[in-house]
Every structure is written in structure tokens, then in C-alpha cells.
Amino acid sequence: MLRKLLIALAMVAGAAQPLLAAEGASDPKAEFKAFRSYFTNRFPKLALDDFVNGPYSMDEGLRKQWKAIDEFPPYDFAIDKGKAMFATPFKNGKTYGDCFPNKGIGVRQNYPQFDAKSGQVITLDVALNRCREANGEQPFDYTKDDMAALTAYMAFTSRGKPMDITIPDDPRALAAYTKGKEYFYTRRGQLNFSCASCHVQNPGNHIRTEVLAPALGIMNAMPIYRSAWGGMGTTSRRLRTCNSQVRGVPLPGESEEYRDVEYYLSYMANGLPISGPGTRP
Amino acid sequence: MRTRTLIRLAVLASVAGFATAAVAASADDYKAAAAKADAAIKQAHALKNEWTTTGAAMKAAKAAADAGKFDEAVKHAQEAEALANGSIAQAKEQEKLWPDAVVR
Amino acid sequence: MASTIRVRAIASGDTTQVQSLISHPMDSGFVKDSKGQLIPPHHIEVVEFEHAGKVVFTALWGPAVSKDPYVKFSFKGAKKGDDLKVSWVDNKGQSDSTVAKIQ
Amino acid sequence: MNELSDAPGQTRRIILKSAVGLAAFGLGVGGVLTSAYAAIDPKSWPENAFKQKSEADALKALYGKSGEASDKVNLDAPEIAENGAVVPIAVATTLPGVSGIAILVLENPFTLAAAYKIPEGTEASVASRLKMAKTSKVVAVVEAGGKLYTATKEVKVTVGGCGG
């Protein structure tokens, strides 16, 4: 069955190969433009802001079910939990809000950020754990429910705000962006898929009956409540699942590669609204 | 797409490996096969490109060896080595190929 | 801890639309845990919605109702500010209830 | 979970079993529960109906009769479920005198998924979310004027909702 799937995907992939690339350094501004037009040309009828709704922007039947579920989404409980966690002071009396601009409300669209001090990409998840550690608390697991609830609440306070990712004038920032891009387009796993094989070459197409989400705006919906999980999951959890699905061994949560690919994809989604926390099949 | 043939090659290699080991294998044969597989797995790990099936094959090899079924153990270890080599080849090839896929 | 029950009851004219979401695993009894053991069935059996001392809606649920179950219905005769009581009981005898204001 | 009480399930289960017949009968009448102010009477759950494996047996256990297809029963269910774990299904009808609505998933291990009691003054329209193990016919049942009316639709499921 998996073999069939592989062959089917390879065939569609062949039919929709993006233009061949010239080798060389990254030019984020030009790549942003090309990425955007690739998707808008491919889905000319789709409103730009709708890409952030993933598979639901691609399929009418799915969209209807999503609307029904979104009337009273099961992730409401995770948002509530995250809100309560966010408001609860650490043992030292400080709160998460003290670690963020605007007390952490409506800031999710500014993550990931490049941190000049460490020379690393800092995602919202990493920023939250840094905040915990700075206040004498144990960090949360990047793939588990507590982190998912916290980020769900923070995303909720940023709903509708346009993604706003900057690549500062620092060669290390550009290098992180380029590494993220490399991770995104590199084929891996025994099934020999890259992230792009599914989410650039085949958005809207089916793997069996699962509809693939477009890469454009894919991070704007994070974290996501997946029916397949029966719960809210972090960006890292989703990326690890992607790896497993192509029979690759997943990396630890918030590995450098994961952070960099989130950086790349979030930059590509600049200007598109935050839709997280999202629901997905 | 050269990489797509990797999987088939990996499978073929494991079958070929099994054929050569068809004459009753010993614990030492298994140890040798496992050592080769482990070396390949280490390399794949360093490249951050392991396949889940590699680990599964190694697990099957160990289980067979523990049960004294060395023919089977050697077969699985060779399969794991072939899969690990497939992932190594994939990673090295992709280092050159990935820019071709970038949307421009 | 917060209530397991979330209710949105909105009056429009004579009709009140009620939506409710309950935090509950709704284990079907057919799913295995990570150790391969069947998770025993654990699901809500009865949910009652009461307005002004009258049960206006009763849900009888089996194990095939989704995790964190949801239900939507409408009834007549209530107005803004009225109380709506929601209570549930599950197959292990656990229960919860809440009173929501109709908006 | 402020009011969460942990009653011994075993004992209650035994009590329930002896009350099955009564519970099913009570539902057939389709009236208002008598325990309006007290806690829910657990006996009001029709255990026997939820154990049946066919449409006919479930309807018999639940309502004591069989149904007939009607185009006045509106069943809103997706053609392809996005995930069998969460399938939004809504039932509504223009039939007068409705006292109950039930939803059956014929290919699930147990056919009856949910039943709703609709007293006078409550609209004959309900939406909920159900689990489906695999592709199956879904049957909406409406009890109106002492008779049963049904509508059936096939829902395709490729990612089953029963996990495992």
C-alpha cells in the first residue's frame, strides 16, 4: 500500500515540478516573491488569507466539516488551560508575561526570531522554555500537552495578526534561513520525500483521502488540534510526525533543523494572518 | 530521480545478502553483520538521516540472534546495513540536489 | 479546576440555541494503549439540559460519541438572563454539572 | 472537575443491568425525565439498546418498533469523513410531534451511537460529533407521532475513529 502511495506521489510530483533552481546564496526577498507567486498562480481563486487554513482551503467537503467543528472547537479546553498556566505565577512570583513584550499578549506573529546573542533561531516554544528556566522552573517537553496549551493560548491572542518575521542583517541569520530552506527541500526517509514533495508540489492532492496542506501559511495555524491525536500538539510534534510518515527517524523537539525550517516557512508567510490554534484531521 | 531507486537497491541488496548467507550462519557471522550495520547506522545518524525501517530491521536481527536463529539474524542485520547505506546515499545525494527543488 | 462543561446558550426571539462541549475522553473500549492493553470503555451516558425546572433536552450517548463531545440543539420558552443547567454522568459514575446564563 | 464524584462503577453496573428493561420502556414513552431537580438517574441510559449490532435490533431495543424511510428526515453528514474520530453529523426534520432523534452507524461495533429525547418546545434538530470505525451507512431516526422515520447516507472513512 505504501509502495502504491509512493508511486502515485512520484507521478504527481513529476507533473508539477517547480522551476529548476540556480545554485547560489539565499535571497530571502526574491525567494519570498517567487514562493508567494507559485502558490497564488497555482490557486488563483483562493484568497491569500485562506492559505493559512491548510487542507480546508483546498477541499470543499473538508471545509464544511471544519466549519462545523470550529463552531465549538475541541481545542477550547487547551486554550483555557494555556490561559490559566499563563496567568499562574512561577515560584518566584514572576509570570510568563514578564518575559515578553506586551506581557506576551498578541506577540506570537513575531516568532521565530533570530537571537543575536546565541546566534540561533528562537521559536515561541523555545522562548517559553527560556522564560521558565530564567525563573527557576523546569523546561517543558517540546512535544507534549503543556507546551501545546501555552502556545495555543498565545496564538489565540494573536489571531488575525499578520505574520511578521524579520531576518536581521547578520550572516548567521541568513545562514539559519538557508539551513531552514535546505531542510525543507531535502528528501529524506525511506519514502524519499521532502517537506516540499507534499506541501509545495502536491497541496490539495490526496494521500488516500488525506488532503495535503499548502506550505504557504502552514506555520500560521500552529499549534494544531489533530483529530488523529485527539488533542493539541506543538509544531515540533507535527514535524516529528511528518518525519515518521515518510519513514524517517524524527529529530528531538525544537532541534536546530526544526527551528530553522519554521523560520524559513514563517518568513515565507509574512503578512498572512495567524490562524492558530488550528484544527486538522 | 535517481534517489527513488535507492529504496529498490536497498531491498535488492538485502535479498542478495540473504542469498550469500544461506549456508547456516553462526553467532560470529551475526556479530560481523551487526558490526557492519552498526557502523553504517552511526554514519547515517551523523548525517541526521536515519530511516525508521533501519532500526526495525536491527531490532529484528537482535531478536533472532537472541533466539539462536542466526540465519535470520544475519539476514536482518544485512537488511539494516543496506537500509542505512540507502539513507547515507540519499543524504549525500540530496546535499547536491536539494537546490534544484527550490521554488524560484 | 475549571468545569468540564462549556455552554453557549443564545436567545434570539423565543428560541434559544444551545451548544455544549464537555471535556471527556469518551474511550470506546476498542482502543489499545501504548502497551497494547485495551483501554476500558469510559464514556458519558446521559447529559441533561434543564431550564426553569424542566428538562428541555436529554442526550443518551454510547462509546461512539467523539472525545470532548459536542451537541447543539434549540428550544423555546427561555429568555436572556435565564439559567440553563447542564449535567452529565458517565459509565464510571463520575459526573459534573454547571449552570450557564442564557445570553 | 469540581463536582466529579468517583462512585464504584462495578456496583452501579450491576444495578443498571437489572434496570435495562425499564429504561428502554421509559425511552419508548419519550417523556420528560422525572429527576428534574435531582442528579441524573443513571438508569435512564438504555444500556440494552447501545449493545445491539443491527439497525433493526437497536431500534427495537430503543423504541420497540421499526422505522420507515422518509424524505422528511434530513441527515447532514459528510461524504468523506476527514477523520473517523470526529465526524460532524446533524439531523433535522419538518415532521410534527417529534419526541426523539437517534443516530446509528451500521458498521460500528455497536450500531447505536447517540439518542436524543426531544420534549415539546424543543426543536427537532440536533448536531453532534461521532466516531466511525470505517466506511458505513449512517442512519438518522426520528420518532414522531409514535412512529419511526429514517434517512440513510453512506459516509466514507479511511482513517478509522476506533484507533488501535
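**Chat: strands, a helix and a buried serine**

Me: How many bridges join strand β5 of chain A to β7(A), and do they run parallel or antiparallel?

Reply: Three bridges join them, and β5(A), which covers residues 224–226, runs parallel to β7(A). Keep in mind that this is a predicted model.

Me: OK. What is the bridge partner of A:Tyr225 in β7(A)?

Reply: A:Tyr225 is partnered with A:Thr279 there.

Me: What holds strands together in general?

Reply: Strands in a sheet pair through backbone hydrogen bonds, and they can do that parallel or antiparallel.

Me: So which strands form the open sheet in chain A, and in what order?

Reply: Three strands, in the order β6-β5-β7, with mixed pairing. The edge strands are β6(A), residues 231–233, and β7(A), residues 278–280, each of which pairs on one side only. From one strand to the next, the twist averages 35 degrees.

Me: Which strands does helix α9 of chain A lie across?

Reply: Helix α9(A), residues 235–245, lies across β5 and β6 of chain A. Its angle to β5(A) is about 50 degrees.

Me: Switching to helix α3 of chain A. Which of its residues are buried?

Reply: In α3(A), residues 60–70, the buried ones are A:Leu62, A:Arg63, A:Gln65, A:Trp66 and A:Ile69. Looking down the helix axis, those buried residues of α3(A) fall within an arc of 165 degrees, so they line one face of the helix.

Me: And which exposed residues does the face turned away carry?

Reply: That face of α3(A) has A:Glu60 and A:Lys64.

Me: What do the buried residues of α3(A) pack against?

Reply: Strands from two chains: β4 (210–211) and β7 of chain A, plus β3 (87–93) and β6 (125–130) of chain D.

Me: You mentioned β3(D). How many of its residues are buried?

Reply: Five of its seven, so to speak a mostly covered strand.

Me: Which strands does β3(D) bridge to?

Reply: Four bridges join β3(D) to β2(D), residues 73–76, and those two run antiparallel. One pairing in there is D:Val73 with D:Thr93. Six bridges join β3(D) to β6(D), again antiparallel. Across that pair, D:Pro88 stands opposite D:Arg129 in β6(D).

Me: New topic: where is A:Ser158?

Reply: In the loop between α6 (145–156) and α7 (171–185) of chain A.

Me: Is A:Ser158 buried or exposed?

Reply: Buried, because its relative accessibility is 0%, and the cut-off for buried is under 20%.

Me: What does the side chain of A:Ser158 make a polar contact with?

Reply: With the side chain of A:Gln109, at 2.7 Å. Leaving aside residues up to four places away in sequence, A:Ser158 touches A:Gly106, A:Val107, A:Arg108, A:Gln109 and A:Ile274.

Me: What about chain B?

Reply: Chain B has a mean pLDDT of 85, and 78% of its residues reach 70 or more. Its residues 12–19 stay under 50, and the model gives that stretch six contacts beyond four places in sequence.

Key. Residues are numbered from 1 along each chain as its sequence is written. Chains are lettered from A and ligands numbered from 1 in the order in which they are written. This is a predicted model: local features need pLDDT of at least 70, side-chain atom pairs count only at pLDDT 80 or more; totals for chains, interfaces and linings use all residues. Side-chain values use heavy atoms; hydrogens and water are left out. Two strands pair if DSSP finds at least two bridges between them. Axes are lines fitted to C-alpha atoms, for helices over the stretch in contact, and angles run from 0 to 180 degrees between N-to-C directions. Contact means heavy atoms within 4.5 Å. Buried means under 20% relative accessible area, exposed over 50%, partly exposed in between (1.4 Å probe, protein chains only). The arc is that of the directions from the helix axis to the C-beta atoms. A polar contact is a pair of N or O atoms within 3.5 Å; within protein, one must be able to donate a hydrogen and the other to accept it, and residues adjacent in sequence count only if both atoms are side-chain atoms. pLDDT is the predictor's confidence in each residue, from 0 to 100.
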